[in-house]
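Here are a few notes from going through this one, meant to be read with the model open.

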Amino acid sequence: RRVHGSFKMLYMAHVGYHFNSLVFHFTDEVRRDFVQMLFHHTVTVVLLMLSYFLHYTRYGALVLFLNDASDVIGCFTKIAHYTLHRTLSVVLLPFLVLTWAYTRCYLLPFWVMATIPTRTAVEMTSYTVVVSMSCLLGSLVVLNYIWVSLMIKMGWNTLMRNERTDLSEYHNGAEEAGSLLHTLPKDKARAVVRGERVRMPHTPKLA
């Protein structure tokens, strides 16, 4: 069967994005979620290729739509976090958690994946392929549950403990620098983000 042009463009865009992320994943700074993101990008590229060449694009497009719905809010939340707009990030985080939980943790496993074995058993030549793709997609759903729990934990720390640490961020020096940045006054912190020089507060040494 011939793949429709709009599906082809959608798949080309997502394969390019995830393949690019997979390649640059090894050149970027090592983060706490290095293994998780490596697994995520690899499985996503495999699923995209299998669903495209097996003419499974209708389900693939639905999965991509559910993922993209939460990614939009996620991007705005991270922008607010890194530009030190605390109020905006606190407001956006509940919407991110609700959207992520509804689309990725509810609709994807209980509505989309639930119809895969019954509706594709006749269409697909091998039932083993269906089971394999379902297992790969299920592993991504498990990651979604892990990530939504981290979002809830991050929101709790932000509201109750006034800690604004991204739980997936860098180790060691970069993490310490990020924590120090959030302790500065808002005007000085934003000046540091813009690359300007500021006078750091003096910390007396303990005897």
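1. At what angle do helix H2 (residues 34-53) and helix H6 (residues 127-160) pack? Keep in mind that this is a predicted model. The angle comes out at about 145 degrees, and the two axes sit 10 Å apart. As for handedness, H2 and H6 make a left-handed crossing.

2. Now for who touches whom. On the H2 side, the contact uses Gln-36, Met-37, Phe-39, His-40, Val-43, Thr-44, Val-46, Leu-47, Leu-50 and Ser-51. H6 answers with Met-133, Leu-136, Leu-137, Ser-139, Leu-140, Leu-143, Ile-146 and Trp-147. Sorted by class, the residues of this H2–H6 contact are 13 nonpolar and 5 polar, with no charged ones.

3. On to holes. The count is 1 cavity of 30 Å³ or more, and the volume of the largest cavity is about 40 Å³.

4. Which residues line the largest cavity? They are His-40, Val-63, Asn-67, Arg-104, Leu-108, Leu-137, Leu-140 and Asn-144. Helix H3 (57-82), helix H4 (86-112) and H6 each give two or more residues to that lining, and H6 gives the most, with 3. By class, the lining splits into 4 nonpolar, 3 polar and 1 charged.

Conventions
Residues are numbered from 1 along each chain as its sequence is written. This is a predicted model: local features need pLDDT of at least 70, side-chain atom pairs count only at pLDDT 80 or more; totals for chains, interfaces and linings use all residues. Side-chain values use heavy atoms; hydrogens and water are left out. Axes are lines fitted to C-alpha atoms, for helices over the stretch in contact, and angles run from 0 to 180 degrees between N-to-C directions. Helices (H or I, at least four residues) and strands (E, at least two) are DSSP runs, numbered from the N terminus. A crossing is left-handed if the near helix is turned anticlockwise from the far one by less than a right angle, and right-handed if clockwise. Contact means heavy atoms within 4.5 Å. Ala, Val, Leu, Ile, Met, Phe, Trp, Tyr, Cys and Pro count as nonpolar, Asp, Glu, Lys and Arg as charged, and the others, Gly among them, as polar. On a 1 Å grid over the protein atoms alone, a cavity is a set of points where a 1.4 Å probe fits but cannot get out, and a pocket is an open set with protein on both sides within 12 Å along at least five of seven lines; lining residues have an atom within 4 Å of a point. Grid points are joined across faces, edges and corners, and a volume is the space filled by probe spheres set on the points.
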